[in-house]
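Colleague: Thanks for sitting down with me. Could we go through the model together, one question at a time?

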Amino acid sequence: MSQVPLERKVLSENDRIAAGLRSRFAAQGVLCLNLISSPGSGKTTLLERTLEALPAGARVAVLTGDIQTENDADRLRRFGYPVRQITTGGTCHLDARMIERALAEWRPEPFDLLFIENVGNLVCPASYDLGETAKVVVLSVTEGEDKPLKYPAIFLKSQLLVLSKIDLLPYVPFDISAAEDNARRIHPGMGVVRLSCLTGAGLNTWLEWIEERRRALPAVRAELVT
Amino acid sequence: MHELGIATAVLQEARQEAQRHAGARLRKIRLRVGELSGVNAEALRFGFEVLARESEMEPLELEIENCPRRQRCPACELTFTVANYDLTCPGCGSAQTEFVSGDELEVASLEMEDYEPGAAGAQGS
C-alpha cells in the first residue's frame, strides 16, 4: 500500500472558476455582493428597497437563485434593471459555474454593482465561493438570536450582518444585542446593520455601506494585481 | 444538504489522481473537514458510500479528520484551539484574536494498492 499526498481542496474546481470571476469583477470595477440567509429573512425585499433607492441610471444588475420559480426575478424586474433568475432545480446553493454561465448567456448593459441573491439556506452557500467581493448574511428578528452560533461558517465568512425586520422587535422575544454579540463571538469586528424594509429604518446605513465598499474597490483591485 | 455534491467532488479529485498512477487501485481517501466548513461528516460519509458502491470502487475507505477552529492572538502570539465558541486568548485574555483555521475541506492524501512511487507508468496524464 502506498500513500500519495494530495493536499487539494475538494471544491478546487469551484474555487478556480470563482477566482476567475473575482479577477474579472476587479478588472471591470464591479462590486459583487452575495446575499445569504435562511428562507424568508427578507433578501428579496431588501433588494427591492435597495433598487428603489438607487439613483436613476445606476449601473446595477441582479442574479437571483431559487430552487424553483421565477417569482423573485419578476418582483425585482419592476425596477427596470437587468435581473436574471437562476433556478437550481433542487440544488440548495449557487456555485461559481452557475454564475459564470448566467453571466455568459446574458448580456445586460454594463454594470458596476452586481447583487447575487443566493438560495435561502445558511449552510451550503457558505462552502461555495462565487467570486463575490463580499458575502452579506441577513438574519431577521423572527429567527433565533443564537443562529450565528448554530451556523458559524456563514457568519465567519460574511463581512456584514444585516438584522432585518426590526419593526417587529416590539412583538417578538428577540434580543438584538445578544444576536450581535453572538455574531461577533464567531466573527470579531463583524459589521452590523439593523434595518426594516417596512419603515425604512437603517436603509441609509446599508446603502452607505455599499458605497463605502465601492470606494474601496481600487484597493481590492490593486491587491489582486500584485 | 449538499454533502452528496461534496462527496462527488471528493471522488472526482481522487479518481483523477488515481488515473495518473497506472495499475494502482484506490483503497483509502483521507479527508480533512473543518468544523466551519459547513459540511456534516456523517452525511458526507453516507453520500460517499452510496457513490462508491454505485461506481464499483469498493472497497474504498473514507477517513475523515475533523479539524477544530484555531485562533491566533496577535498580542501574545499564542495559537490555540477554540472550545465552546470562546475566541478569547487563554494565554493573555485578549478578546482580539484572529482566525487561523477550521474551514478545511481538503483531500489530504490517498492510499493506493500496487503502486510504487516513481515506477514506470506513474507519469502525469
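Colleague: At roughly what angle do the axes of helix H1 and helix H4 of chain A cross?
Modeller: Keep in mind that this is a predicted model. In chain A, H1 covers residues 12–27 and H4 covers residues 96–104. Their axes come within 8 Å, and the crossing angle is roughly 40°.

Colleague: Which word describes how H1(A) lies to H4(A)?
Modeller: Angles under 35 degrees would count as roughly parallel, and 65 to 115 as roughly perpendicular. The axes of H1(A) and H4(A) cross at roughly 40°. That makes H1(A) oblique to H4(A).

Colleague: Is the crossing of H1(A) and H4(A) left-handed or right-handed, and how many charged residues does the contact have?
Modeller: H1(A) passes H4(A) in a left-handed crossing. From H1(A) come Asn14(A), Ile17(A), Ala18(A) and Leu21(A), which meet Ala96(A), Arg97(A), Ile99(A) and Glu100(A) of H4(A). By class, this contact of H1(A) with H4(A) has 5 nonpolar and 1 polar residues, and the charged ones number 2.

Colleague: How compact is chain A?
Modeller: Chain A has 9 helices and 8 strands. Its radius of gyration is 18 Å, close to the 17 Å that the globule rule gives for 226 residues, so chain A is as compact as a globular protein of that length.

Colleague: Which strands make up the open sheet with mixed pairing, and which are its edges?
Modeller: The sheet has 4 strands, in the order S1(A)-S6(B)-S1(B)-S2(B). An edge strand pairs on one side only. Here the edges are S1 (2–9) of chain A and S2 (61–67) of chain B.

Colleague: In which sense do S1(A) and S6(B) pair, and which residue stands opposite Arg8(A)?
Modeller: S1(A) and S6(B) pair in the antiparallel sense over 6 bridges. Within S6(B), the residue opposite Arg8(A) is Val107(B).

Colleague: And S1(B) with S2(B): what is the sense there, and what stands opposite Gly34(B)?
Modeller: S1 of chain B spans residues 25–34 and pairs with S2(B) in the parallel sense, over 7 bridges.

Colleague: Which helix lies across S1 of chain A together with S1 and S6 of chain B?
Modeller: S6 of chain B is residues 105–113, and the helix runs at about 45° to S6(B). The helix covers residues 3–19 of chain B, and its name is H1(B).

Colleague: Which element gives the largest share of the side of chain B that touches chain A?
Modeller: In all, 29 residues of chain B are in contact with 24 residues of chain A. On the chain B side, the elements that give two or more residues are H1 and S6. The largest share is 9 residues, and it comes from S6(B).

Colleague: What is the handedness of the crossing of H1(B) and H2(B)?
Modeller: H2 of chain B is residues 41–54, and H1(B) packs with H2(B) at an angle of about 55°, with the axes 8 Å apart. H1(B) and H2(B) are therefore oblique to each other. Their crossing is right-handed.

Colleague: How many nonpolar residues does the contact of H1(B) with H2(B) have?
Modeller: H1(B) contributes residues including Leu4(B), Ile6(B) and Val10(B), while H2(B) contributes residues including Leu44(B), Phe48(B) and Leu51(B). The contact also has 2 polar and 1 charged residues, and the nonpolar number is 9.

Key. Residues numbered from 1 in each chain as written. Chains lettered and ligands numbered in written order. Predicted model: local features only at pLDDT ≥ 70, side-chain atom pairs only at ≥ 80, totals over all residues. Axes fitted to C-alpha atoms, helices over the stretch in contact; angles between N-to-C directions. Parallel < 35°, antiparallel > 145°, perpendicular 65-115°, else oblique. Left-handed = near helix turned anticlockwise from the far one by under 90°. Contact = placed C-beta atoms within 7 Å. Nonpolar A, V, L, I, M, F, W, Y, C, P; charged D, E, K, R; others polar. Pairing = 2+ DSSP bridges. Rg over C-alpha atoms; globule rule 2.2 N^0.38 Å.
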